[in-house]
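Hi everyone, thanks for making time.

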Amino acid sequence: MRFRHVADIETQSTIKQLGMRRFFLPAAKRWLREPLVHFLMIGLVLFVVYGYMQHGRGGSESSKQIPLTLDDLRQMDMYFVSQWHRQPTPEEFQAMVEDKVREEVLYREALAMGLDKDDTIVKRRMAQKMQFLAEDVAAAHEPSTDELKAWFDKNKEKFALPSRYSFRHLYFSPDKRGKNAQEDAAKALAKIAGQPEDSKLAASLADPFMLQDYYGDRAPSAIAKEFGPPFAVALEKMKPGSWQGPIESGYGWHLVFVTTVIPGRIPAFEEIEPDVKTAWLGEQKQQAWDKAYREMRAKYTVLLPAPPSDESAQATAPPKPREIATSSGEGPL
């Protein structure tokens, strides 16, 4: 009986262990699939490795430390997912960490060697970052609707929509007709006076055109790009409803029938509020940058070499620096 009792106890213990496994194993698997757990585990490994490497190196300089935060690791993971649409393997993630460390090590060693000095690309990049910082101050402010409306009222002309034209044209080719192209177009105009824009007679008098015979709802800028600015200017002066011309383009001579004209207008604020906000933000960034640069510029004086008195002086003596003033006369450059 004693043995049976012991066996029952062992059986119950085994059942409990199996039940705990059934409960904890799925939960553990779920936890191991969480990216945050990956970050914590990798962060712990990096911390342990770093602690081991620094063991016995008390008083090491902070400049020799390369701290990687949990946000740094999370950004690496997010970048990998955005590129490959999957989570990185542990090996891939470790490679990304090492790439980050390599970049920082090389950057610091380059600074220590002075490789950033007199480097145009480095200077240009640093200057660009300073401008971005100044512009970010303006971008941090979210404008109200009333603020945007007030700004729009003062800058309506920036959002004016141009007139739009729909027209058909007849083409008279200089390659085919030579010097008679313009004269032939004028003679054709006399024959089709009063004819509709889709007249078969009109079409029979013209030459084939490599592009379109009809253009609908085009702005002057698009017409100028297609036919040339003089053609667009001449077309804007035409009244719709009849054949007119001849007018010249980059291709040759044309008779034009303007079918419709949609006059230009200034849209209501509600129609273009997102565009207004974009333009407002651009202006604010520019103003913030101008102000920041003026303040930084005021701290410096530019020294330029004085013009040499003669060629011999230029060859024997270095130029003497001089101060130059700003164009506004407010002080030195």
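Before I point at anything, a word on naming: helices, of at least four residues, and strands, of at least two, are DSSP runs, numbered from the N terminus. With that in hand, P246 sits in strand β3, residues 243-248. As background, most peptide bonds are trans.

Please keep in mind that this is a predicted model. Mean pLDDT for the protein is 80, and 73% of its residues reach 70 or more.

Now the overall picture. The protein has 13 helices and six strands. Of its 333 residues, 20% count as buried. Among contacts with a separation of 6 or more, 62% join residues 24 or more positions apart.

Let's go inside. Which residues have the most contacts within the largest nonpolar core? They are F167, I223, F227, F231, L235, V256 and V258, in a core of 14 residues. Strands β1 (164-172) and β4 (253-262), along with helices α10 (220-227) and α11 (229-236), each supply at least two residues of this core. If you click on L235, you'll find it in contact with Y165, F167, I223, V256 and V258, leaving aside neighbours within four places in sequence. Apart from this core lies another, of 13 residues, with A185, A188, A206 and F257 among them. In general, nonpolar side chains tend to be buried together in soluble globular proteins.

Next, a helix pair. The axes of α6 (residues 145-154) and α12 (residues 273-297) come within 10 Å and cross at roughly 80°. On the α6 side, the contact involves T145, E147, L148, W151 and F152; on the α12 side, E273, V276, K277, A279, W280 and E283. By class, that is six nonpolar, one polar and four charged residues.

Stay in that region for F269, which is found in the loop between β4 and α12. Is F269 buried or exposed? Its relative accessible area is 6%, so F269 is buried. Not counting residues up to four places away in sequence, F269 touches T145, L148, K149, F152 and V276. The C-alpha atoms of F269 and K149 are separated by 6.9 Å, although the two residues are 120 residues apart along the chain.

G216 is in β2, residues 214-218, and counts as partly exposed because its relative accessibility is 29%. Beyond its neighbours within four places in sequence, G216 contacts Y165 and S166. D217 also lies in β2, and its phi is near 55°, a positive value in a residue other than glycine. D217 is partly exposed, at 38% relative accessible area. H85 has a positive phi too, near 60°. H85 is in the loop between α3 (70-84) and α4 (90-112), and with a relative accessible area of 68%, H85 is exposed. For context, most residues other than glycine have a negative phi.

Definitions and conventions: Residues numbered from 1 in each chain as written. Heavy atoms only, no water. Axes fitted to C-alpha atoms, helices over the stretch in contact; angles between N-to-C directions. Contact = heavy atoms within 4.5 Å. Nonpolar A, V, L, I, M, F, W, Y, C, P; charged D, E, K, R; others polar. pLDDT = per-residue confidence, 0-100. Core = buried A, V, L, I, M, F, W, Y, C linked by side-chain atoms within 4.5 Å. Buried < 20%, exposed > 50% of the residue type's maximum accessible area, 1.4 Å probe, protein only.
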